[in-house]
Amino acid sequence: QIFNQHNAEAPNLQPAFHRMAQMEPNLDHDVSWFLLPSYWSKMVVALISFLCFANSYDGDFVFDDSEAIINNKDLRAETPLGDLWYHDFWGSKLSSNTSHKSYRPLTVLTFRINYLFAGGFYPVGFHVINIILHCTISVLMVDVFSILLGGLQFSNKGRRLNLAPKSSLLAALLFAVHPVHTECVAGIVGRADLLCALFFLLSFLGYCKAFKENKEGHTFSVFWVLVSVVLGAIAMLCKEQGITILGLNAVFDALVINKINLLELIRKLLYKGKSLENAGLLRKGLLFRITLLMCGGAGILYIRWRIMGTGPPAFTEVDNPASFADSLFVRAINYNYYYSLNAWLLLCPWWLCFDWSMGCIPLIKSVSDWRIIALAALWFCLIGLICQALCSEDSHKRRILTLGLGFLIIPFLPASNLFFRVGFVVAERVIYLPSIGYCILFTYGFSLLSKQAKKKKILAVAVLGILLINVMRCALRSSQWRSEEQLFRSALSVCPLNAKVHYNVGKNLADKGNQSAAIKYYREAVRLNPKYVHAMNNLGNILKERNELHEAEELLSLAVQIQPDFAAAWMNLGIVQNSLRRFEEAEQSYWTAIKHRKKYPDCYYNLGRLYADLNRHIDALNAWRNATVLKPEHSLAWNNMIILLDNTGNLAQAEAVGREALELIPNDHSLMFSLANVLGKSQKYKESEALFLKAIKANPNAASYHGNLAVLYHRWGNLDLAKKHYEVSLKLDPTAPGTKENYNLLRRKLEQLQKKGS
């Protein structure tokens with residue numbers, strides 16, 4: 001019924017400007033699909049998109065979330081809001097040589113708001129926002145697809161009409177349930193793509209609103225064109241792809257608003273020598289609007305360039321090996337192979353992986369590689385579609401195919417390696433926006449098949465089956481994104497040659513204390529990529545803890561030889577050398593680490609331990625003081641300073657350091673314990689007792705806390721309380737050094753007192 005009302009209203013529209021789709025064949029005529037009122041279509045799309053990803057709401061922070069959120073100081077209240085505009089997505093300064101130049105301040109701002117409202121790093125709120133964003137985008141897709149598939153037309157009352165309700169519903173459902181979107185929705189870092197897509201679509205819808213005839217009879221609104229540019233700028237501040245909407249708006253204007261036949265236009269300009277006006281480019285203000293879009297885009301890019309500087313992003317060969325190939329042929333052929341893989345993920349999103357780098361996709365180095373077939377298939381399809389889009393006599397077909405290809409290709413261009421090197425091989429998140437073009441082409445293909453098919457219901461059931469399979473695949477993939485263990489293990493079958501996959505599985509196992517299993521995966525990561533310094537560093541750390549010091553030293557020495565500025569490996573090498581009692585070499589390794597990472601509190605802490613072992617007490621105190629200056633919450637450095645000063649008889653200085661430390665870290669029970677020991681030796685029994693009791697309240701199962709409190713009571717003369725805490729300490733740790741002797745002394749003293757009393 002809705003569809004018939006739209007057709008009935010169309011002839012009443014007077015201005016030719018508003019009859020974009022009136023004379024064209026209607027796509028819905030041949031589509032065997034459900035016809036629902038607009039609000040019901042949107043409700044269905046919202047519900048199904050929610051069901052696809054709902055089980056990710058209580059997932060953990062996984063993979064890149066730790067760097068972009070947990071370790072990103074820009075999320076914390078103490079970081080000035082203004083810093084967000086000069087930092088990259090990961091919290092590094094854009095001017096830094098190590099910055100990836102990912103400039104997404106508005107996305108980081110939403111993370112910061114999440115963090116403040118949640119009162120900390122609780123992932124539920126972050127995940128819920130991502131799910132809501134995807135549902136909102138999927139609902140907006142109903143309107144976007146109705147324009148792209150049915151054309152732009154308004155009623156007499158100025159209301160935009162949906163001339164393809166069945167097709168737009170199908171396309172929106174295809175978008176909502178596409179499994180390749182799981183990374184963007186279930187991975188919190190995917191917020192960048194979601195926010196970008198939201199403002200990308202709002203920019204497009206705003207541009208369409210510019211062609212609603214106003215009361216003065218003007219054919220378009222400059223205001224809404226400018227709003228579209230501003231929304232495009234906001235999209236780019238969420239993620240770089242957002243800027244491409246300005247180009248797509250221009251394409252839409254030319255094809256739908258002005259109905260330009262690109263092939264005919266080229267012929268007029270090249271062969272007939274016609275002017276722009278005669279060729280139709282000045283009709284209805286097209287050139288003026290494109291100029292506004294171009295000026296807006298150029299201005300946005302210039303401002304971004306001024307902020308981020310001229311330096312290129314810092315990527316390594318393992319991130320994108322094809323871009324480092326010396327041969328232009330090897331680079332070109334591999335880039336095209338990557339494009340074919342992206343296309344395959346859209347067509348068959350079954351093999352999904354959180355990371356496609358580090359040997360997951362070996363380079364194609366000769367034309368004899370069978371994977372060349374994938375390139376040929378991709379370009380055969382693309383050339384066929386382009387020819388139909390340019391040469392078809394059916395204007396409706398030309399428009400839909402050109403828009404489909406435009407939305408497929410143009411948003412993908414920033415990730416294509418054509419303009420600059422990107423830091424990945426294949427990334428599922430970057431095809432969130434290009435999937436719009438895929439959905440247009442799929443829906444159009446379905447309409448053509450429906451037109452030819454005799455049993456249209458079977459075809460509709462097949463499409464329903466595809467949607468259902470995609471929903472189940474989304475739910476399964478979302479569950480894999482809920483924890484790092486599931487996510488990393490799911491990649492082993494997809495990319496068994498990916499060293500990073502084995503590295504991450506190993507790291508996850510090591511974090512859970514399963515060092516034996518972690519060693520196996522770290523060794524495999526190093527075998528697959530003999531230059532994988534991070535895997536060497538982590539493996540060396542585990543071997544160091546297992547006292548396999550010589551192999552640990554070999555691995556860490558190789559890591560710093562491959563990457564001389566790898567500060568963490570230098571520090572760990574210093575720890576191993578210290579354990580091997582090669583103190584001069586250890587000191588040199590520590591200072592090399594600090595040279596490459598000047599703000600390295602953990603390295604200063606370990607350097608202090610080395611100096612303490614060598615009885616260089618002043619140097620040790622200075623090193624630990626540097627650690628606390630760089631990281632005021634460095635509890636171990638504070639503790640070591642207190643203990644060293646205590647052991648060397650500097651009780652007043654130890655007390656001052658302890659009080660300073662507790663002001664900065666008031667809830668650290670180990671600091672309370674250390675300061676309580678100092679106060680007890682200074683005969684400040686009451687204050688010492690209070691700190692001991694506070695430390696015990698925070699950590700009641702620490703035998704040493706009870707044992708030292710018992711010593712305090714013993715000295716103080718509170719023998720009954722001393723006896724009680726000695727017994728608690730021995731119950732918790734029967735082998736506690738000195739406690740049993742002190743307890744026996746106390747018992748003898750109590751027996752003597754009882755004899756005297758009797």
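Me: How much space lies in the second largest pocket?
Reply: The second largest pocket holds about 1,300 Å³ of space. Please bear in mind that this is a predicted model.

Me: Which residues lie nearest the centre of that pocket?
Reply: Tyr339, Ser340, Ala343, Trp344 and Leu378 lie nearest the centre of the second largest pocket, out of 44 residues that line it.

Me: And which helices each supply at least two residues of the lining?
Reply: Four helices are to be named here: H14 (328-347), H15 (372-391), H16 (395-409) and H17 (435-452) each supply at least two lining residues of the second largest pocket.

Me: What lines the largest cavity?
Reply: Its lining consists of Tyr338, Tyr339, Asn342, Phe412, Ala415, Ser416, Asn417, Phe424, Val425 and Val426.

Me: Is Asn417 buried or exposed, and why?
Reply: Asn417 counts as buried because its relative accessibility is 11%, and the limit for buried is under 20%.

Me: What is the phi of Asn417?
Reply: The phi of Asn417 is near 70°, which is a positive value in a residue other than glycine.

Me: What about Asn615: what is its phi, and where is it placed?
Reply: Asn615 has a positive phi of about 60°, although Asn615 is not a glycine. Asn615 is found in the loop between helix H26 (601-613) and helix H27 (617-630).

Me: Buried or exposed, in the case of Asn615?
Reply: Asn615 counts as exposed because its relative accessibility is 58%, and exposed means over 50%.

Me: Staying with helix H26, is Tyr604 buried or exposed?
Reply: Tyr604 lies in helix H26. With a relative accessible area of 12%, Tyr604 is buried.

Me: Which residues is Tyr604 in contact with, neighbours within four places aside?
Reply: Tyr604 is in contact with Trp591, Ile594, Lys598, Ala623, Trp624, Asn626, Ala627 and Leu630.

Me: And how many Å separate Tyr604 and Pro123?
Reply: Their C-alpha atoms are separated by 33 Å, and the two residues are 481 residues apart along the chain.

Me: A change of topic: where is Ser66 found, and how many Å separate Ser66 and Val189?
Reply: Ser66 is found in helix H3. Ser66 is partly exposed, at a relative accessible area of 25%.

Me: Where is Asn71 placed?
Reply: Asn71 is placed in the loop between helix H3 (65-70) and helix H4 (105-118). At 45% relative accessibility, Asn71 counts as partly exposed. From C-alpha to C-alpha, Asn71 and Phe145 are 39 Å apart in space, and they are 74 residues apart in sequence.

Me: What does His534 touch, leaving out residues up to four places away?
Reply: His534 touches Tyr503 and Phe566. His534 lies in helix H22 (residues 533-545) and is partly exposed, with a relative accessible area of 37%.

Me: Now the whole protein: how many helices and strands are there?
Reply: There are 34 helices and 0 strands. The C-alpha trace spans about 120 × 60 × 50 Å along its principal axes.

Me: What share of the residues is buried?
Reply: Of the 758 residues in the protein, 53% are buried. The protein exposes about 35,400 Å², of which carbon and sulfur atoms supply 59%.

Me: Lastly, how many Å apart are the mean positions of the positive and negative charges?
Reply: The mean positions of the 79 positive and 59 negative charges are 6 Å apart.

Methods:
Residues numbered from 1 in each chain as written. Predicted model: local features only at pLDDT ≥ 70, side-chain atom pairs only at ≥ 80, totals over all residues. Heavy atoms only, no water. Buried < 20%, exposed > 50% of the residue type's maximum accessible area, 1.4 Å probe, protein only. Areas by Shrake-Rupley, 256 points an atom, 1.4 Å probe, with all protein chains shown as cover. Lys, Arg positive; Asp, Glu negative; His and termini not counted. Charge placed at Lys NZ, Arg CZ, Asp CG, Glu CD. 1 Å grid on protein atoms, 1.4 Å probe; cavity = no way out; pocket = protein on both sides within 12 Å on 5 of 7 lines; lining within 4 Å. Points joined across faces, edges and corners; volume = space filled by probe spheres on them. Contact = heavy atoms within 4.5 Å.
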